[in-house]
Amino acid sequence: MATTYHTSMLTLRALSAAWPLWLCVLASCSAVTSMYARGDRATAPRRVSGTTLFDWKGIIHCHSHLSHDSTGSIEDISAACSAAAIDFLVMTDHQTDASVRDGACGRIGDTLFLVGAEIRTPQGTVIAFPLTQPLRRWQSAAALVAEAERQGGLSFLCHAERTTAWDIEGFTGVEIVNLHAGAVAASKVGMLLSGLFLPLRAIMQLVCHREAELFRQWDRRLAQRHPFTPVGGNDAHANVRVFGPLGGTIGNYREVFLTLSTHILAERLDESSLLQALAAGRTYVAFDIFGEGAGFDFRAVDDGGVHVVGSTVQASPALRLMAHSPKPGRIRVLLDGAIASERESADIELCNPSPGVYRVEVRSMAGAPWLFSSSIRVIASSNVSLSSERSTGPSGR
């Protein structure tokens, strides 16, 4: 009996001493599991029905070897774009002279690259693009936004969960979700257990986080300034290690690009068209890890035709707000931040909506955050100039 006990204790000690190896083995088992299907370029770009627009799928907020905290190559980024069927990508390396001067720009493969930068200010972090020269650092957010605008660039609140710049004028919009912020908010125990025993997909799902206070601030800003364009912050660095020096790297470019995307509704895939659409609020954001987001649609339809997201329309008995998701989910229409209607379906419709700012969120049937639209503003008086994208064809889907 004593011999058996002694042998058992030696075995346990040996296993305990080797626990880092066992962790790596288990992590490898989950990491090699296929994350999800390859992106499909055969269906891209998608025509936005009833309009002259197309739905372009892209990545905003990406770092490369030109940032101090990444070693990623443009070749790796381009390959990930191909795997995830990405139409455009905005490089936002932490700004240096080299990051703007040598940043990837123009067509690389099937993807259009734009050069921008991520810059910290006393009020929070800003991403600005496109840039032709570096912005001066150590200035206020307002000054930085104005300088980017003089270059023809747009500016967005970045890492908005910790910004104090919500009311500064000049911003085009905001990162409503950010994968790095999601990783910080996620349960570390949950991430560890997912990394050990579940496919990599489970870890990436954990970082898809909707910060309630950020959305409350966005709705407050929309009441003051419509549109305030939403984008998704991929914050791709390709260097996240689950077990620190032991390895277990996750979050490579392919994994991050397949997890989150920003869609822009524009006539063409060129810099001018994309910037115009962003300024007009013609976007939506998708956590594609819960289902491919392409094909999501939120619009207003009236006797004047189709008005896509970003539009301002006049209230009338003929006005309908219509939302469609690529597959059934829990669709919620919000009016000035409060729930106006919701249902479990792939479609929802509001007839003769009252004045206010409307947007749509969709959760998966399992309750995970999935799709987030830009907004449509309904006004009561025709005395206010209207801004919309009208159809030249049939109304509705």
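Reader: Is Phe228 buried or exposed?

Author: In this predicted model, where local features need pLDDT of at least 70 and side-chain atom pairs count only at pLDDT 80 or more, totals for chains, interfaces and linings use all residues. Phe228 is buried, with a relative accessible area of 1% (buried is under 20%, exposed over 50%, partly exposed in between, with a 1.4 Å probe and protein chains only). Residues are numbered from 1 along each chain as its sequence is written, and side-chain values use heavy atoms, leaving out hydrogens and water.

Reader: How many aromatic pairs does the structure hold?

Author: There are nine aromatic pairs, where rings of Phe, Tyr and Trp (its six-membered ring) pair if their centres lie within 6.5 Å, and planes under 30 degrees apart count as stacked, over 60 as edge-to-face and the rest as tilted. One of them joins Trp166 and Phe228, with ring centres 6.4 Å apart and planes at 45°, so this pair is tilted.

Reader: And what about Trp166, buried or exposed?

Author: Trp166 is buried as well, at a relative accessible area of 6%.

Reader: Switching topic, how are the rings of Phe215 and Trp218 placed?

Author: Their centres are 5.7 Å apart and their planes at 80°, so the pair is edge-to-face. Phe215 is buried at 1% relative accessible area, and Trp218 is buried at 0%.

Reader: Which aromatic cluster are they in?

Author: Phe215 and Trp218 form one aromatic cluster together with Phe287, Phe290 and Phe372.
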